[in-house]
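Student: Could you walk me through how to read the packing in a protein model? I would like the general idea before each case.

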Amino acid sequence: MSDLKRTKKVLNLYAKKVIRDARNELSRQKKNTSGELSKSLGYVITEKNKSLNLEFVGVSYAKFVDQGMQGARSSFKAPMSPYRFGTGSSSGSWKQFTSSLDKWIVKKGLAGIRDEKGRFVSRKSLRFLIQRSIYLYGIKPSYFFTNPFNVSKSTLPKQIANSYVQDAMTFLEQMNKQKTK
């Protein structure tokens, strides 16, 4: 069966819905500061050995925003996360982390805040305090992608089965026409 048009269409509709819902969830949770994460979300459908594969893609840190990250000292914020600071299992450097955190502070408008005694806290000090807190105690998961994926997944098996049956019937009809010629 070389042409799985209906099945591909169902997968496309499913993937578009998951991406749309994930973007909405990012906005709802105010996790879309720069818009980079939202813009990076996408999907790829490939066909290999007469089977279809759907893969969701996004920036490398999307998984940390979604699943959270355990801190080097505590896993309280994200006890179920497969990711943990200090394990070295992720790509990226400390310099990249601090640079992106600095940009995030500016976009969030956190620069120019004051401490409890009314003293100005420099952006460098603020960045250090935030990155230390994230490193030690982790990042709470948002499930911006996981929840829309799981909700939409519940209707997918029936739709895939129906579309695959229709594609198979079309294929058999084409084969039957070729034999009768």
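Tutor: Axes are lines fitted to C-alpha atoms, for helices over the stretch in contact, and angles run from 0 to 180 degrees between N-to-C directions. Helices (H or I, at least four residues) and strands (E, at least two) are DSSP runs, numbered from the N terminus. Please note that this is a predicted model, where local features need pLDDT of at least 70 and side-chain atom pairs count only at pLDDT 80 or more, while totals for chains, interfaces and linings use all residues. Residues are numbered from 1 along each chain as its sequence is written, and side-chain values use heavy atoms, with hydrogens and water left out.

Student: At what angle do the axes of H1 and H6 cross?

Tutor: Two packed helices are described by the angle between their axes and the distance between the axes. Here helix H1 (residues 5-28) and helix H6 (residues 146-153) cross at roughly 145°, their axes coming within 8 Å.

Student: Which residues make the contact?

Tutor: Contact means heavy atoms within 4.5 Å. H1 supplies Tyr-14, Lys-17, Val-18, Asp-21 and Ala-22, and H6 supplies Pro-148, Phe-149, Ser-152 and Lys-153.

Student: How do I read aromatic pairs?

Tutor: Rings of Phe, Tyr and Trp (its six-membered ring) pair if their centres lie within 6.5 Å; planes under 30 degrees apart count as stacked, over 60 as edge-to-face and the rest as tilted. That rule gives seven aromatic pairs. One of them joins Phe-56 and Phe-145 edge-to-face, at 5.1 Å centre to centre with 70° between the planes. Phe-56 lies in strand S2 (residues 51-57) and Phe-145 in the loop between strand S4 (138-139) and H6, 89 residues apart. Ring pairs also tie Tyr-14, Phe-56, Phe-145 and Phe-149 into a cluster.

Student: Is Phe-145 buried or exposed?

Tutor: Buried means under 20% relative accessible area, exposed over 50%, partly exposed in between (1.4 Å probe, protein chains only). Phe-145 has 18%, so the residue is buried, whereas Phe-56, at 21%, is partly exposed.

Student: What about the nonpolar core?

Tutor: A nonpolar core is a set of buried Ala, Val, Leu, Ile, Met, Phe, Trp, Tyr and Cys residues joined through side-chain atoms within 4.5 Å. The largest has 14 residues, and those touching the most other members include Ala-22, Leu-26 and Phe-145. H1 gives the most to this core, six residues.
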